[in-house]
Amino acid sequence: MGLGNPSGATASVSSPTNYLLVKPQFAIGYNAQRGTPTWVSWHLASTDMGAAPRQDDFRPDPALPREFYSVTRNSYSGSGFDKGHNCPSADRTRELDDNSATFLMTNMIPQAANNNQRTWSSLEEWTRAQVQRGQEVYVLMGSYGKGGTGTAGFKTTIDNGHVTVPARVWKVLVILPEGTNDVQRIAAGQARLLAVDTPNDQSVSPDWSQYRVSVDAIEAATGLDLLSKLPLAAQDRLEALVDTAPVR
Ligand code: MN
Ligand code: MN
């Protein structure tokens, strides 16, 4: 949460729709009514990427209070939606435990296969390529709305209504050269800000760059306050911008 807690989530059982889960690998604002994260926040640097193989151990998150519905690895079975990571497996390969944490079901959304396997995976790979070139990246991902189209057609919920299918999947990337005093550098305009908002739909284009929007647009659609650790003047200035630079 280096750039803030977008929903003011707290680790209180009385806050099931805005429950904070903080792990060594990422932080989650979780909505137990939807069975999905509202947002997931993590930082990506070259030291996060190592040789740990993909664990594929999808499982319920033991950190959730027992009062909450527990999404399992079978909750998405036959739904026509992928178990779509928020924090990607390949962003956490330093240690086996780091990779395994990404397979907790609190890190998943029901994601249309074409979104997950094409649009999103290419955005994820592009992000890691920036890190291989000496950048560090703050990543925020989330989803909102109700109803998406997977390989078995349009659905608003799966798992007997326990898991809501989001209509939109978004991500904000703050990309800057590896270094220190990140908040100051970002506020001073030394970072590239990239926000995308995509349909959770089989007809989504594989080209994520055409879905670029402003951070303001995502805040307006979700009610979240993104990048809240930045001074307000910097938020006002930076969040209104839409990245149009070539993607390479
Ligand atoms: Mn994925
Ligand atoms: Mn903001």
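Predicted model: local features only at pLDDT ≥ 70, side-chain atom pairs only at ≥ 80, totals over all residues.

Reader: Why is Asn116 called buried?

Author: Buried means under 20% relative accessible area, exposed means over 50%, and partly exposed lies in between, with a 1.4 Å probe and protein chains only. Asn116 has 16% relative accessibility, so Asn116 counts as buried. The residue is found in helix H2 (residues 113-132), and UniProt lists Asn116 for "binding site" in an unreviewed entry. UniProt positions are given in the numbering used here, feature names are shortened, and annotations may be inferred rather than shown by experiment.

Reader: What makes a residue a donor to the manganese ion (ligand 2), and which residues coordinate the ion?

Author: Donors are N, O and S atoms within 2.8 Å of the metal (3.2 Å for Na, K and Ca); water is not among the atoms, so sites may look incomplete. The manganese ion (ligand 2) is coordinated at 2.2 to 2.4 Å by Glu219 (OE), Asp225 (OD), Leu226 (O), Gln235 (OE1) and Glu239 (OE). Along the sequence, these donor residues follow the spacing E-x5-D-L-x8-Q-x3-E. Glu219 in helix H4 (residues 215-222) and Glu239 in helix H5 (residues 232-239) are 20 residues apart and link distant parts of the chain. Helices (H or I, at least four residues) and strands (E, at least two) are DSSP runs, numbered from the N terminus. Both Glu219 and Glu239 are buried.

Reader: How do you know that strands S11 and S12 pair, and in which sense?

Author: Two strands pair if DSSP finds at least two bridges between them. S11 and strand S12 (residues 192-199) have eight bridges, in the antiparallel sense. Among the partners, Leu173 is bridged to Leu194 in S12, and Val172 stands opposite Ala195. Ala195 also has Val213 in S13 as a bridge partner; S12 and S13 run antiparallel and are joined by two bridges. Seven of the eight residues of S12 are buried.

Reader: Why are strands S1 and S13 said to stand at the edges?

Author: The open sheet of seven strands has the order S1-S2-S3-S6-S11-S12-S13, with antiparallel pairing. Strand S1 (19-22) and strand S13 (212-213) each have a single partner strand, so one side of each is left without a neighbour in the sheet.

Reader: What is the composition, by class, of the lining of the largest cavity?

Author: Ala, Val, Leu, Ile, Met, Phe, Trp, Tyr, Cys and Pro count as nonpolar, Asp, Glu, Lys and Arg as charged, and the others, Gly among them, as polar. The lining of the largest cavity has seven nonpolar, three polar and no charged residues. Its residues include Gly2, Trp42, Tyr138 and Val172. A cavity is a set of points, on a 1 Å grid over the protein atoms alone, where a 1.4 Å probe fits but cannot get out, and lining residues have an atom within 4 Å of a point.

Terms used: Residues numbered from 1 in each chain as written. Chains lettered and ligands numbered in written order. Heavy atoms only, no water. 1 Å grid on protein atoms, 1.4 Å probe; cavity = no way out; pocket = protein on both sides within 12 Å on 5 of 7 lines; lining within 4 Å.
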